[in-house]
Amino acid sequence: MRAVHTRGFTLMEIMLTVAAVGIISTTAITSSLLMLRANDLDLAVAATTQNLRAAQLRSRAADGDAPWGVYLGGGAITLFRGSSFALRNSAYDEATDLASTITPSGLTEIVYAKNTGLPINSGVITLTHDVLGPKQMSINGLGLIDEVQP
């Protein structure tokens with residue numbers, strides 16, 4: 001009697017393959033989403049730092065013969081010209097959008113003195129991601145910006 005060889009896959013092989021692909025896909029999607037969320041927080045920290053440095057440089061250069069500052073709120077980081085956000089000349093505003101998952105708190109308005117570029121106020125800026133938690137940045141009396149490790 002000869003053995004009969006059939007070609008194809010058994011139902012068990014197909015089920016195992018589908019399960020393996022499902023597990024790998026779920027892991028990949030979850031990892032990708034976490035990286036995107038972490039990226040939102042890192043981008044917010046980088047944009048805040050960039051705007052703070054720009055405000056400090058413009059204040060040192062007495063650009064427009066006025067102090068410059070940064071305001072974090074309203075879903076954006078706003079670089080403004082003036083002694084405060086409330087009294088600013090809004091024609092010079094430069095806004096950078098924050099991701100909807102990021103909430104700023106703590107020191108949300110930083111103004112740098114004209115000519116010296118020293119911050120009028122110093123403290124800690126907290127950027128909180130709704131899933132990943134907070135990252136903090138400190139600004140000292142000389143205007144140096146450091147990321148604070150909680």
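**Close-up views of a predicted model**

Five salt bridges are present in the structure, a salt bridge being a side-chain nitrogen of Lys or Arg within 4 Å of a carboxyl oxygen of Asp or Glu. This is a predicted model, where local features need pLDDT of at least 70 and side-chain atom pairs count only at pLDDT 80 or more, while totals for chains, interfaces and linings use all residues. Residues are numbered from 1 along each chain as its sequence is written, and side-chain values use heavy atoms, with hydrogens and water left out.

**View A. Asp-42 and Lys-135 meet in a salt bridge (2.5 Å, N to O).** This pair links distant parts of the chain, with Asp-42 in helix α1 (residues 11–60) and Lys-135 in strand β7 (residues 133–139), 93 residues apart. Helices (H or I, at least four residues) and strands (E, at least two) are DSSP runs, numbered from the N terminus. Asp-42 has 37% relative accessibility and counts as partly exposed, and so does Lys-135 at 22%; the term lies between buried (under 20% relative accessible area) and exposed (over 50%), with a 1.4 Å probe and protein chains only. Look for Glu-147 too: a network of salt bridges links Asp-42, Lys-135 and Glu-147.

**View B. Glu-94 and Arg-58 join their side chains in a salt bridge (2.8 Å, N to O).** Here strand β3, which holds Glu-94, is linked to helix α1, which holds Arg-58, across 36 residues. Glu-94 is partly exposed at 38%, as is Arg-58 at 23%.

**View C. Thr-101 sits in the loop between β3 (94–97) and β4 (102–106).** Its side chain makes a polar contact of 3.3 Å with that of His-129; such a contact is a pair of N or O atoms within 3.5 Å, where, within protein, one must be able to donate a hydrogen and the other to accept it, and residues adjacent in sequence count only if both atoms are side-chain atoms. Leaving out residues up to four places away in sequence, Thr-101 touches Asp-40, Thr-128, His-129 and Asp-130 (contact means heavy atoms within 4.5 Å).

**View D. Strand β1 (residues 68–73) is mostly covered, with 5 of its 6 residues buried.** Strand β2 (residues 76–81) pairs with β1 in the antiparallel sense over 6 bridges; strands pair if DSSP finds at least two bridges between them. Tyr-71 stands opposite Thr-78 in β2. In the hairpin, 2 residues lie between the strands, and Gly-74 takes a positive phi near 65 degrees.
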